[in-house]
There are 2 protein chains.
Amino acid sequence: MNNKNSTKDKILDAAETLFAERGFAETSLRMITSRADVNLASVNYHFGSKKALIQAVFDRFFQHLSTGFNSRFEQLEKQEIPPKVEEVIAALLGPILDIDNVRTHGTSIFMRLLGRAYAETQGHLRRFMLEKYGYLLSRFNKQIHRAYPTLPMEQLFWRLHFMLGSMVFTLAGSQALQEIAEADFKEVVDTKALAGKLINFLAAGMKA
Amino acid sequence: MNNKNSTKDKILDAAETLFAERGFAETSLRMITSRADVNLASVNYHFGSKKALIQAVFDRFFQHLSTGFNSRFEQLEKQEIPPKVEEVIAALLGPILDIDNVRTHGTSIFMRLLGRAYAETQGHLRRFMLEKYGYLLSRFNKQIHRAYPTLPMEQLFWRLHFMLGSMVFTLAGSQALQEIAEADFKEVVDTKALAGKLINFLAAGMKA
DNA sequence: ATTTGATTGGAACGTATGTTTCAAACAACT
DNA sequence: AGTTGTTTGAAACATACGTTCCAATCAAAT
(Lines give C-alpha, C1' and ligand atoms only; values in the text may rest on other atoms or scores of the structure.)
Protein backbone atom coordinates (compact mmCIF):
# COMPACT_ATOMS: atom_id res chain seq x y z
CA MET A 1 0.00 0.00 0.00
CA ASN A 2 2.62 2.51 1.01
CA ASN A 3 5.65 1.27 -0.86
CA LYS A 4 8.29 3.77 -1.72
CA ASN A 5 7.21 3.71 -5.36
CA SER A 6 3.49 3.42 -5.00
CA THR A 7 1.40 5.86 -6.97
CA LYS A 8 0.41 7.57 -3.76
CA ASP A 9 3.99 8.21 -2.71
CA LYS A 10 5.09 9.26 -6.15
CA ILE A 11 2.37 11.89 -6.09
CA LEU A 12 3.36 13.08 -2.63
CA ASP A 13 7.01 13.35 -3.63
CA ALA A 14 6.28 15.36 -6.74
CA ALA A 15 3.71 17.55 -5.03
CA GLU A 16 5.94 18.41 -2.08
CA THR A 17 8.74 19.60 -4.33
CA LEU A 18 6.51 21.56 -6.68
CA PHE A 19 4.49 23.18 -3.90
CA ALA A 20 7.70 24.35 -2.24
CA GLU A 21 9.16 25.63 -5.49
CA ARG A 22 6.12 27.33 -6.96
CA GLY A 23 3.38 27.62 -4.39
CA PHE A 24 0.06 25.85 -4.04
CA ALA A 25 -2.14 27.78 -6.44
CA GLU A 26 0.64 28.02 -9.02
CA THR A 27 1.10 24.26 -9.09
CA SER A 28 -1.49 22.38 -11.15
CA LEU A 29 -2.44 18.76 -10.73
CA ARG A 30 -1.25 18.17 -14.26
CA MET A 31 2.26 19.36 -13.36
CA ILE A 32 2.28 17.04 -10.39
CA THR A 33 1.03 13.96 -12.21
CA SER A 34 3.29 14.43 -15.20
CA ARG A 35 6.31 14.83 -12.93
CA ALA A 36 5.27 11.82 -10.89
CA ASP A 37 4.57 9.91 -14.09
CA VAL A 38 1.09 8.87 -13.04
CA ASN A 39 -2.35 9.48 -14.42
CA LEU A 40 -4.13 12.74 -13.74
CA ALA A 41 -7.19 11.08 -12.24
CA SER A 42 -5.13 9.25 -9.64
CA VAL A 43 -4.84 12.35 -7.49
CA ASN A 44 -8.56 12.58 -6.99
CA TYR A 45 -8.77 8.83 -6.63
CA HIS A 46 -6.17 8.59 -3.87
CA PHE A 47 -6.63 11.90 -2.10
CA GLY A 48 -10.07 13.17 -3.05
CA SER A 49 -9.16 16.71 -3.97
CA LYS A 50 -6.26 19.09 -4.40
CA LYS A 51 -6.89 20.64 -1.00
CA ALA A 52 -6.71 17.19 0.61
CA LEU A 53 -3.45 16.52 -1.23
CA ILE A 54 -1.90 19.67 0.23
CA GLN A 55 -2.86 18.54 3.72
CA ALA A 56 -1.49 15.07 3.03
CA VAL A 57 1.87 16.57 2.06
CA PHE A 58 2.05 18.39 5.39
CA ASP A 59 0.83 15.36 7.27
CA ARG A 60 3.68 13.24 6.00
CA PHE A 61 6.23 15.84 7.03
CA PHE A 62 4.80 16.25 10.47
CA GLN A 63 4.72 12.52 11.04
CA HIS A 64 8.46 12.51 10.49
CA LEU A 65 8.89 15.46 12.80
CA SER A 66 6.66 14.59 15.70
CA THR A 67 8.65 11.57 16.85
CA GLY A 68 11.72 13.77 16.96
CA PHE A 69 9.93 16.53 18.83
CA ASN A 70 8.43 14.13 21.32
CA SER A 71 11.68 12.44 22.26
CA ARG A 72 13.56 15.70 22.60
CA PHE A 73 10.92 17.42 24.67
CA GLU A 74 10.33 14.38 26.85
CA GLN A 75 14.01 14.44 27.65
CA LEU A 76 13.83 18.10 28.64
CA GLU A 77 10.68 17.54 30.67
CA LYS A 78 12.10 14.71 32.77
CA GLN A 79 15.24 16.65 33.67
CA GLU A 80 15.27 17.94 37.23
CA ILE A 81 17.46 20.97 36.58
CA PRO A 82 16.02 23.64 34.28
CA PRO A 83 17.41 23.56 30.73
CA LYS A 84 19.30 26.42 29.14
CA VAL A 85 17.49 28.59 26.62
CA GLU A 86 19.83 27.33 23.93
CA GLU A 87 18.85 23.76 24.67
CA VAL A 88 15.15 24.46 24.35
CA ILE A 89 15.63 26.14 20.99
CA ALA A 90 17.83 23.27 19.88
CA ALA A 91 15.06 20.84 20.79
CA LEU A 92 12.81 22.62 18.33
CA LEU A 93 15.39 23.06 15.61
CA GLY A 94 17.05 19.66 15.83
CA PRO A 95 14.28 17.48 14.42
CA ILE A 96 13.82 19.92 11.56
CA LEU A 97 17.46 19.66 10.61
CA ASP A 98 17.29 15.89 10.91
CA ILE A 99 15.01 15.78 7.90
CA ASP A 100 18.12 16.20 5.78
CA ASN A 101 19.30 12.80 6.96
CA VAL A 102 16.30 11.27 5.25
CA ARG A 103 16.03 13.52 2.21
CA THR A 104 18.42 15.85 0.49
CA HIS A 105 17.46 19.45 1.12
CA GLY A 106 14.45 18.22 3.02
CA THR A 107 14.76 20.99 5.58
CA SER A 108 14.61 23.83 3.13
CA ILE A 109 11.73 22.27 1.24
CA PHE A 110 9.79 21.85 4.45
CA MET A 111 10.51 25.38 5.60
CA ARG A 112 9.44 26.78 2.28
CA LEU A 113 6.21 24.88 2.56
CA LEU A 114 5.78 26.23 6.04
CA GLY A 115 6.39 29.76 4.88
CA ARG A 116 3.84 29.37 2.13
CA ALA A 117 1.34 27.87 4.52
CA TYR A 118 1.84 30.85 6.76
CA ALA A 119 1.20 33.25 3.88
CA GLU A 120 -2.03 31.44 3.05
CA THR A 121 -4.73 33.66 4.38
CA GLN A 122 -7.46 31.47 3.11
CA GLY A 123 -6.28 29.90 6.30
CA HIS A 124 -7.51 26.34 6.09
CA LEU A 125 -3.90 25.21 6.26
CA ARG A 126 -3.01 27.38 9.21
CA ARG A 127 -5.99 26.09 11.14
CA PHE A 128 -5.18 22.53 10.18
CA MET A 129 -1.60 22.85 11.41
CA LEU A 130 -2.41 24.74 14.57
CA GLU A 131 -4.98 22.14 15.43
CA LYS A 132 -2.50 19.32 14.95
CA TYR A 133 0.63 20.89 16.36
CA GLY A 134 -0.47 23.66 18.67
CA TYR A 135 0.39 21.44 21.63
CA LEU A 136 4.04 21.71 20.62
CA LEU A 137 4.06 25.45 21.20
CA SER A 138 2.77 25.14 24.73
CA ARG A 139 5.40 22.52 25.52
CA PHE A 140 8.03 24.82 24.11
CA ASN A 141 6.70 27.73 26.15
CA LYS A 142 6.79 25.67 29.35
CA GLN A 143 10.45 24.80 28.84
CA ILE A 144 11.47 28.34 27.99
CA HIS A 145 9.67 29.43 31.11
CA ARG A 146 11.71 26.94 33.15
CA ALA A 147 14.92 28.17 31.55
CA TYR A 148 14.06 31.83 32.05
CA PRO A 149 11.37 32.14 34.74
CA THR A 150 11.43 35.93 35.06
CA LEU A 151 10.37 36.53 31.47
CA PRO A 152 6.68 37.54 31.43
CA MET A 153 4.44 35.22 29.43
CA GLU A 154 3.40 38.04 27.18
CA GLN A 155 7.00 38.79 26.24
CA LEU A 156 7.56 35.11 25.67
CA PHE A 157 4.63 35.01 23.26
CA TRP A 158 6.07 37.73 21.10
CA ARG A 159 9.63 36.47 21.17
CA LEU A 160 8.44 33.02 20.18
CA HIS A 161 6.99 34.49 17.01
CA PHE A 162 10.06 36.61 16.33
CA MET A 163 12.00 33.39 16.59
CA LEU A 164 9.77 31.40 14.30
CA GLY A 165 10.15 34.09 11.67
CA SER A 166 13.92 33.87 11.75
CA MET A 167 13.88 30.11 11.60
CA VAL A 168 11.48 29.74 8.72
CA PHE A 169 12.94 32.60 6.73
CA THR A 170 16.54 31.49 7.17
CA LEU A 171 16.08 27.78 6.65
CA ALA A 172 13.74 28.27 3.71
CA GLY A 173 16.39 30.24 1.88
CA SER A 174 19.38 28.42 3.36
CA GLN A 175 20.68 27.02 0.09
CA ALA A 176 20.74 30.43 -1.58
CA LEU A 177 22.17 32.15 1.49
CA GLN A 178 24.90 29.54 1.88
CA GLU A 179 25.94 30.06 -1.71
CA ILE A 180 26.09 33.83 -1.30
CA ALA A 181 28.06 33.51 1.92
CA GLU A 182 30.48 31.12 0.27
CA ALA A 183 31.04 33.47 -2.65
CA ASP A 184 31.45 36.58 -0.50
CA PHE A 185 33.46 35.25 2.42
CA LYS A 186 35.17 32.19 0.95
CA GLU A 187 33.96 30.25 3.92
CA VAL A 188 31.84 27.14 3.65
CA VAL A 189 29.02 27.06 6.18
CA ASP A 190 27.19 23.79 6.44
CA THR A 191 23.68 23.57 7.79
CA LYS A 192 24.83 22.38 11.19
CA ALA A 193 27.07 25.40 11.65
CA LEU A 194 24.32 27.66 10.40
CA ALA A 195 21.98 26.23 13.02
CA GLY A 196 24.56 27.05 15.68
CA LYS A 197 24.72 30.67 14.58
CA LEU A 198 20.96 30.84 14.49
CA ILE A 199 20.61 29.41 18.00
CA ASN A 200 23.12 31.92 19.35
CA PHE A 201 21.22 34.77 17.78
CA LEU A 202 17.82 33.60 18.95
CA ALA A 203 18.91 32.72 22.47
CA ALA A 204 20.38 36.18 22.92
CA GLY A 205 17.13 37.70 21.75
CA MET A 206 15.13 35.48 24.08
CA LYS A 207 17.28 36.49 27.02
CA ALA A 208 17.27 40.19 26.16
CA MET B 1 -3.57 61.72 -14.84
CA ASN B 2 -2.79 60.50 -11.34
CA ASN B 3 -5.65 61.96 -9.36
CA LYS B 4 -6.62 60.19 -6.18
CA ASN B 5 -9.73 58.83 -7.87
CA SER B 6 -8.44 58.11 -11.33
CA THR B 7 -9.17 54.66 -12.69
CA LYS B 8 -5.49 53.82 -12.42
CA ASP B 9 -5.32 54.63 -8.71
CA LYS B 10 -8.59 52.93 -7.93
CA ILE B 11 -7.19 49.78 -9.48
CA LEU B 12 -3.95 50.07 -7.53
CA ASP B 13 -5.81 50.58 -4.25
CA ALA B 14 -8.06 47.58 -4.75
CA ALA B 15 -5.24 45.38 -6.04
CA GLU B 16 -2.92 46.18 -3.15
CA THR B 17 -5.49 45.22 -0.56
CA LEU B 18 -6.63 42.07 -2.32
CA PHE B 19 -3.12 40.86 -3.11
CA ALA B 20 -2.16 41.22 0.54
CA GLU B 21 -5.31 39.53 1.78
CA ARG B 22 -5.50 36.67 -0.67
CA GLY B 23 -2.27 36.38 -2.61
CA PHE B 24 -1.44 37.09 -6.22
CA ALA B 25 -2.65 33.95 -7.93
CA GLU B 26 -5.76 33.78 -5.77
CA THR B 27 -6.82 37.28 -6.73
CA SER B 28 -8.48 37.57 -10.13
CA LEU B 29 -8.66 40.70 -12.23
CA ARG B 30 -12.41 40.49 -11.94
CA MET B 31 -12.24 40.74 -8.16
CA ILE B 32 -10.00 43.76 -8.47
CA THR B 33 -12.07 45.61 -11.02
CA SER B 34 -15.36 44.93 -9.31
CA ARG B 35 -13.99 46.17 -6.00
CA ALA B 36 -12.47 49.21 -7.69
CA ASP B 37 -15.72 49.73 -9.57
CA VAL B 38 -14.06 49.96 -12.96
CA ASN B 39 -14.28 47.95 -16.14
CA LEU B 40 -12.38 44.70 -16.45
CA ALA B 41 -10.55 45.75 -19.58
CA SER B 42 -9.09 48.84 -17.93
CA VAL B 43 -6.44 46.79 -16.14
CA ASN B 44 -4.92 45.64 -19.39
CA TYR B 45 -5.41 49.07 -20.88
CA HIS B 46 -3.59 50.92 -18.10
CA PHE B 47 -1.04 48.33 -16.99
CA GLY B 48 -0.69 45.89 -19.87
CA SER B 49 -0.96 42.68 -17.90
CA LYS B 50 -1.59 41.26 -14.47
CA LYS B 51 2.13 40.76 -13.89
CA ALA B 52 2.77 44.40 -14.67
CA LEU B 53 0.01 45.41 -12.27
CA ILE B 54 1.70 43.48 -9.46
CA GLN B 55 4.96 45.29 -10.06
CA ALA B 56 3.13 48.62 -10.20
CA VAL B 57 1.63 47.94 -6.78
CA PHE B 58 5.10 47.35 -5.35
CA ASP B 59 6.54 50.32 -7.13
CA ARG B 60 4.10 52.68 -5.49
CA PHE B 61 4.84 51.28 -2.05
CA PHE B 62 8.57 51.50 -2.49
CA GLN B 63 8.38 55.08 -3.61
CA HIS B 64 6.83 55.92 -0.26
CA LEU B 65 9.47 53.96 1.58
CA SER B 66 12.62 55.08 -0.13
CA THR B 67 12.28 58.72 0.90
CA GLY B 68 11.96 57.55 4.50
CA PHE B 69 14.96 55.25 4.28
CA ASN B 70 17.11 57.89 2.64
CA SER B 71 16.46 60.57 5.20
CA ARG B 72 17.01 58.23 8.15
CA PHE B 73 20.22 56.74 6.85
CA GLU B 74 21.61 60.10 5.76
CA GLN B 75 21.08 61.25 9.30
CA LEU B 76 23.00 58.27 10.67
CA GLU B 77 25.75 58.68 8.11
CA LYS B 78 26.43 62.32 8.90
CA GLN B 79 26.69 61.70 12.67
CA GLU B 80 30.23 61.80 14.01
CA ILE B 81 29.66 59.41 16.89
CA PRO B 82 28.78 55.84 15.98
CA PRO B 83 25.09 54.99 16.35
CA LYS B 84 23.74 52.33 18.68
CA VAL B 85 22.65 49.02 17.20
CA GLU B 86 19.09 49.80 18.22
CA GLU B 87 19.18 53.04 16.27
CA VAL B 88 20.32 51.34 13.09
CA ILE B 89 17.55 48.79 13.29
CA ALA B 90 15.06 51.55 14.03
CA ALA B 91 16.21 53.36 10.90
CA LEU B 92 15.19 50.33 8.89
CA LEU B 93 11.95 49.67 10.73
CA GLY B 94 10.79 53.24 11.17
CA PRO B 95 9.83 54.11 7.60
CA ILE B 96 7.89 50.87 7.36
CA LEU B 97 5.85 51.75 10.42
CA ASP B 98 5.31 55.26 9.12
CA ILE B 99 3.14 53.85 6.37
CA ASP B 100 0.44 53.53 9.01
CA ASN B 101 0.31 57.28 9.18
CA VAL B 102 -0.70 57.41 5.53
CA ARG B 103 -2.97 54.36 5.32
CA THR B 104 -4.91 52.39 7.85
CA HIS B 105 -3.34 48.98 8.33
CA GLY B 106 -0.75 50.02 5.79
CA THR B 107 2.13 48.31 7.51
CA SER B 108 0.59 44.90 7.73
CA ILE B 109 -0.69 45.10 4.18
CA PHE B 110 2.74 46.00 2.93
CA MET B 111 4.48 43.37 4.99
CA ARG B 112 2.10 40.74 3.79
CA LEU B 113 2.86 41.77 0.26
CA LEU B 114 6.54 41.54 1.08
CA GLY B 115 6.12 38.12 2.59
CA ARG B 116 4.27 36.95 -0.46
CA ALA B 117 6.85 38.41 -2.77
CA TYR B 118 9.50 36.52 -0.88
CA ALA B 119 7.54 33.31 -1.15
CA GLU B 120 7.18 33.81 -4.89
CA THR B 121 9.90 31.67 -6.29
CA GLN B 122 8.83 32.34 -9.79
CA GLY B 123 11.13 35.07 -8.67
CA HIS B 124 10.51 37.91 -11.03
CA LEU B 125 9.34 39.89 -8.03
CA ARG B 126 12.30 39.04 -5.85
CA ARG B 127 14.75 40.06 -8.53
CA PHE B 128 12.81 43.24 -9.12
CA MET B 129 13.02 44.16 -5.43
CA LEU B 130 16.62 43.19 -4.90
CA GLU B 131 17.59 45.23 -7.90
CA LYS B 132 15.80 48.27 -6.55
CA TYR B 133 16.71 47.98 -2.88
CA GLY B 134 19.94 46.03 -2.65
CA TYR B 135 21.85 49.27 -2.04
CA LEU B 136 19.93 49.65 1.22
CA LEU B 137 21.49 46.51 2.66
CA SER B 138 25.04 47.73 2.20
CA ARG B 139 24.18 51.04 3.85
CA PHE B 140 22.63 49.12 6.71
CA ASN B 141 25.68 46.89 7.02
CA LYS B 142 27.99 49.90 7.15
CA GLN B 143 26.08 51.43 10.02
CA ILE B 144 25.88 48.21 11.99
CA HIS B 145 29.61 47.87 11.51
CA ARG B 146 30.09 51.36 12.95
CA ALA B 147 27.87 50.49 15.90
CA TYR B 148 29.55 47.14 16.55
CA PRO B 149 33.01 47.12 14.90
CA THR B 150 34.25 43.85 16.38
CA LEU B 151 31.51 41.77 14.74
CA PRO B 152 33.01 39.89 11.78
CA MET B 153 31.40 40.70 8.46
CA GLU B 154 30.45 37.11 7.95
CA GLN B 155 28.54 37.02 11.24
CA LEU B 156 26.90 40.28 10.29
CA PHE B 157 25.72 38.77 7.03
CA TRP B 158 23.97 35.91 8.75
CA ARG B 159 22.46 37.99 11.52
CA LEU B 160 21.12 40.44 8.99
CA HIS B 161 19.14 37.65 7.41
CA PHE B 162 18.00 36.27 10.76
CA MET B 163 16.72 39.77 11.44
CA LEU B 164 14.93 40.19 8.14
CA GLY B 165 13.08 36.96 8.77
CA SER B 166 11.78 38.13 12.10
CA MET B 167 10.74 41.49 10.70
CA VAL B 168 8.89 40.22 7.68
CA PHE B 169 7.14 37.41 9.48
CA THR B 170 6.11 39.40 12.49
CA LEU B 171 4.85 42.42 10.66
CA ALA B 172 3.15 40.32 8.02
CA GLY B 173 1.09 38.57 10.63
CA SER B 174 0.91 41.46 13.06
CA GLN B 175 -2.86 41.88 12.91
CA ALA B 176 -3.51 38.24 13.67
CA LEU B 177 -0.82 38.11 16.36
CA GLN B 178 -2.08 41.28 18.02
CA GLU B 179 -5.56 39.83 18.20
CA ILE B 180 -4.30 36.60 19.76
CA ALA B 181 -2.16 38.50 22.25
CA GLU B 182 -5.09 40.69 23.17
CA ALA B 183 -7.34 37.68 23.75
CA ASP B 184 -4.74 35.75 25.75
CA PHE B 185 -3.16 38.48 27.85
CA LYS B 186 -5.88 41.13 27.95
CA GLU B 187 -3.24 43.65 26.97
CA VAL B 188 -3.52 45.81 23.90
CA VAL B 189 -0.27 46.08 21.98
CA ASP B 190 -0.21 48.71 19.29
CA THR B 191 2.16 48.53 16.38
CA LYS B 192 4.56 51.05 17.88
CA ALA B 193 4.94 49.00 21.06
CA LEU B 194 5.35 45.86 19.02
CA ALA B 195 8.16 47.50 17.06
CA GLY B 196 9.88 48.34 20.35
CA LYS B 197 9.75 44.71 21.46
CA LEU B 198 11.03 43.59 18.10
CA ILE B 199 13.95 46.04 18.15
CA ASN B 200 14.95 44.85 21.63
CA PHE B 201 14.91 41.25 20.53
CA LEU B 202 16.86 41.87 17.33
CA ALA B 203 19.43 44.18 18.89
CA ALA B 204 20.21 41.58 21.55
CA GLY B 205 20.69 38.98 18.85
CA MET B 206 22.92 41.30 16.87
CA LYS B 207 25.09 41.97 19.89
CA ALA B 208 25.25 38.31 20.95
C1' DA C 1 -9.86 -20.41 -14.62
C1' DT C 2 -13.11 -17.28 -12.87
C1' DT C 3 -14.68 -13.87 -10.14
C1' DT C 4 -14.25 -9.79 -7.47
C1' DG C 5 -12.49 -5.46 -5.93
C1' DA C 6 -9.06 -2.07 -6.41
C1' DT C 7 -6.43 0.79 -9.51
C1' DT C 8 -5.22 3.04 -13.85
C1' DG C 9 -5.92 5.30 -18.48
C1' DG C 10 -7.95 8.43 -21.61
C1' DA C 11 -11.37 11.54 -22.49
C1' DA C 12 -14.67 14.78 -21.45
C1' DC C 13 -17.16 18.28 -18.52
C1' DG C 14 -18.07 22.71 -16.53
C1' DT C 15 -16.02 26.72 -14.89
C1' DA C 16 -12.88 30.57 -14.18
C1' DT C 17 -9.10 32.94 -15.78
C1' DG C 18 -6.21 36.66 -18.47
C1' DT C 19 -6.51 38.84 -22.63
C1' DT C 20 -8.39 40.91 -26.91
C1' DT C 21 -11.70 43.21 -29.76
C1' DC C 22 -14.35 46.95 -31.22
C1' DA C 23 -17.85 50.20 -30.78
C1' DA C 24 -19.49 53.87 -27.68
C1' DA C 25 -18.49 57.79 -24.68
C1' DC C 26 -15.62 61.32 -23.36
C1' DA C 27 -12.14 65.19 -23.35
C1' DA C 28 -9.40 68.65 -25.22
C1' DC C 29 -8.31 71.58 -28.68
C1' DT C 30 -8.99 74.18 -33.29
C1' DA D 1 -19.39 72.68 -34.06
C1' DG D 2 -16.11 69.47 -35.56
C1' DT D 3 -12.05 66.74 -35.18
C1' DT D 4 -8.81 63.92 -32.86
C1' DG D 5 -6.90 61.07 -29.40
C1' DT D 6 -7.87 58.89 -25.09
C1' DT D 7 -10.57 56.19 -22.10
C1' DT D 8 -14.47 53.15 -21.04
C1' DG D 9 -18.04 49.34 -21.73
C1' DA D 10 -19.83 44.88 -23.02
C1' DA D 11 -18.91 40.86 -25.10
C1' DA D 12 -16.24 37.23 -26.80
C1' DC D 13 -11.93 34.52 -27.04
C1' DA D 14 -8.70 30.91 -26.11
C1' DT D 15 -6.78 28.44 -22.54
C1' DA D 16 -5.98 26.07 -18.26
C1' DC D 17 -7.82 24.31 -14.36
C1' DG D 18 -10.05 20.74 -10.90
C1' DT D 19 -13.08 17.23 -11.23
C1' DT D 20 -15.85 13.31 -13.00
C1' DC D 21 -16.98 9.37 -15.81
C1' DC D 22 -16.39 4.83 -17.47
C1' DA D 23 -14.05 1.31 -19.72
C1' DA D 24 -9.61 -1.23 -19.46
C1' DT D 25 -6.28 -3.38 -16.63
C1' DC D 26 -4.41 -5.51 -12.73
C1' DA D 27 -4.08 -8.46 -8.25
C1' DA D 28 -5.58 -11.54 -5.29
C1' DA D 29 -8.79 -14.98 -3.62
C1' DT D 30 -11.89 -18.69 -4.61
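Guide: A helix here is a DSSP run of H or I at least four residues in length, numbered from the N terminus. The model is predicted.

Visitor: Which residue follows α1(A), and what is its phi?
Guide: The helix α1(A) has 16 residues, which at 1.5 Å a residue should span 22 Å, and the 22 Å between its end C-alpha atoms agrees. The residue after α1(A) has a positive phi, near 100 degrees, and is A:Gly23.

Visitor: Which residues of α1(A) are buried?
Guide: A residue counts as buried if 20 or more other C-beta atoms lie within 10 Å of its own. What covers the buried residues of α1(A) includes α2, α3, α4 (50–78) and α6 of chain A. The buried residues in α1(A) are A:Ile11, A:Leu12, A:Ala15, A:Glu16, A:Thr17, A:Phe19 and A:Ala20.

Visitor: Is A:Ala15 buried or exposed, and how many C-beta neighbours does it have inside 10 Å?
Guide: A:Ala15 sits in helix α1 of chain A. The cut-off for a buried residue is 20 or more other C-beta atoms within 10 Å. A:Ala15 is therefore buried, its C-beta neighbours inside 10 Å numbering 26.

Visitor: Which residues are in contact with A:Ala15, leaving aside neighbours within four places in sequence?
Guide: A:Leu53 is 38 residues from A:Ala15 along the chain, yet their C-alpha atoms are separated by 8.2 Å. Contact is judged on C-beta atoms, with a limit of 7 Å. Outside four places in sequence, the contacts of A:Ala15 are A:Ile32, A:Leu53 and A:Val57.

Visitor: Which elements give two or more residues to the side of chain A that touches chain B, and which gives the most?
Guide: In the contact between the chains, 35 residues of chain A meet 36 residues of chain B. The elements of chain A that give two or more are α1 (7–22), α6 (106–119), α8 (153–172), α9 (174–185) and α10 (191–206). By class, this side of chain A has 17 nonpolar, nine polar and nine charged residues. With 13 residues, the element that gives the most is α8(A).

Visitor: Which element gives the most to the surface near DNA strand C?
Guide: DNA strand C is surrounded by 15 residues, the closest being A:Thr7, A:Asn39, A:Ala41, B:Ser28 and B:Ser49. They divide into seven nonpolar, six polar and two charged. At least two residues each come from α3 of chain A and from α2 (29–36) and α3 of chain B. With three residues, the element that gives the most is α3(A).

Visitor: Which element gives the most to the surface near DNA strand D?
Guide: Around DNA strand D there are 15 residues, of which A:Ser28, A:Ser49, B:Thr7, B:Asn39 and B:Ala41 come nearest. Elements that supply at least two residues each are α2 (29–36) and α3 (41–47) of chain A and α3 (41–47) of chain B. The greatest share, three residues, is from α3(B).

Visitor: What is the phi of A:Lys186?
Guide: Most residues other than glycine have a negative phi. A:Lys186 is in the loop between α9 and α10 of chain A, and counts as exposed with 8 other C-beta atoms within 10 Å. Its phi is positive although A:Lys186 is a residue other than glycine, with a value near 50 degrees.

Methods: Residues numbered from 1 in each chain as written. Chains lettered and ligands numbered in written order. Predicted model: local features only at pLDDT ≥ 70, side-chain atom pairs only at ≥ 80, totals over all residues. Near = placed C-beta within 6 Å. Nonpolar A, V, L, I, M, F, W, Y, C, P; charged D, E, K, R; others polar. Contact = placed C-beta atoms within 7 Å. Expected span 1.5 Å × (residues − 1). Buried ≥ 20, exposed ≤ 12 C-beta atoms within 10 Å, placed from the backbone.
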